[in-house]
Amino acid sequence: MTQRSHSWLHIGPFLFFSMLCCLPAHADNQILFGDLRLQLVRVEANDPENPRDDAAVVIVRTATNYANLTIPAYSSSFIDEYEIYVRYARANLQLPGEGTARISVYRP
């Protein structure tokens, strides 16, 4: 079952959105933020001995772009005017591709 929690926060001129997703992914695991549509596809375990190096794989769509991004935990990626930051990613080692990720989106 997919679990989601999310929150909105205004920080000065920036709009901030954060979500926590647990996989397996379903169609309702998609978040809309302005003209950005983001879906967590899977969580990859890079080194099973190091839980801090997992990565979130997301599909991102905007009005003008489409990208399939692999973003390591504690890293960010940009698409159009949005910054997508993976605050946390933890893969389930017993079920490859499944796991939990906290993703934040910033837009000036």
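Trainee: What should I keep in mind before we start?

Mentor: The model is predicted, so local features need pLDDT of at least 70, side-chain atom pairs count only at pLDDT 80 or more, and totals for chains, interfaces and linings use all residues. Residues are numbered from 1 along each chain as its sequence is written, and side-chain values use heavy atoms, with hydrogens and water left out.

Trainee: How do you know which part of the chain has the lowest confidence and which the highest?

Mentor: We read the pLDDT, the predictor's confidence in each residue, from 0 to 100. The chain averages 77, and 72% of the residues score at least 70. Strand E1 (residues 3–11) is lowest, at a mean of 43, while E6 is highest, at 95. Over residues 1–13 the pLDDT is below 50, although this stretch has 40 contacts in the model beyond near neighbours in sequence. A contact here means heavy atoms within 4.5 Å. Where pLDDT is low, the predicted coordinates should not be read in detail.

Trainee: What makes a stretch count as a strand or a helix?

Mentor: Both are DSSP runs, numbered from the N terminus: helices are H or I with at least four residues, and strands are E with at least two. By that rule the chain has zero helices and nine strands, giving the pattern β-β-β-β-β-β-β-β-β along the sequence.

Trainee: How do you know that E3 and E4 pair?

Mentor: Two strands pair if DSSP finds at least two bridges between them. Four bridges join E3 to strand E4 (residues 36–44), and the two run antiparallel, so the pair meets the rule. One example is Ile-31, whose bridge partner in E4 is Leu-38. E4 and E5 are joined by seven bridges, again antiparallel, with Val-43 partnered by Ala-56 in E5. E5 and E6 also pair in the antiparallel sense over seven bridges, and Val-58 stands opposite Leu-69 in E6. A hairpin joins E5 to E6 through four residues.

Trainee: Why is the sheet with the order E3-E4-E5-E6 called open?

Mentor: These four strands form an open sheet with antiparallel pairing. Strand E3 (30–33) and strand E6 (66–72) stand at the edges, each with a single partner strand, so one side of each is left without a neighbour in the sheet. The twist averages 25 degrees from one strand to the next; the axes behind such angles are lines fitted to C-alpha atoms, and the angles run from 0 to 180 degrees between N-to-C directions.

Trainee: Why is Asp-80 called partly exposed?

Mentor: Buried means under 20% relative accessible area, exposed means over 50%, and partly exposed is in between, using a 1.4 Å probe and protein chains only. Asp-80 has 35%, so it falls in the partly exposed class. Tyr-74, in the loop between E6 and E7, also counts as partly exposed, at 36% relative accessibility. Tyr-74 has a positive phi of about 65 degrees and is not a glycine either.

Trainee: What makes E5 mostly covered?

Mentor: Six of its seven residues are buried. Across the chain, buried residues make up 38% of the 108 residues.

Trainee: What makes a group of residues a nonpolar core?

Mentor: The members are buried Ala, Val, Leu, Ile, Met, Phe, Trp, Tyr and Cys residues joined through side-chain atoms within 4.5 Å. The largest core has 21 residues, and Leu-36, Leu-38, Val-58, Val-60, Ile-84 and Ile-103 touch the most other members. Elements giving two or more residues to this core are E4, strand E5 (55–61), E6, E8 and strand E9 (99–107). The largest share, five residues, comes from E8.

Trainee: How do you know which residues Leu-93 touches?

Mentor: Leaving aside residues up to four places away in sequence, the contact rule gives Ala-45 and Pro-48. Leu-93 is in the loop between E8 and E9. Leu-93 and Ala-45 are 48 residues apart in sequence, yet 7.2 Å apart in space, C-alpha to C-alpha.
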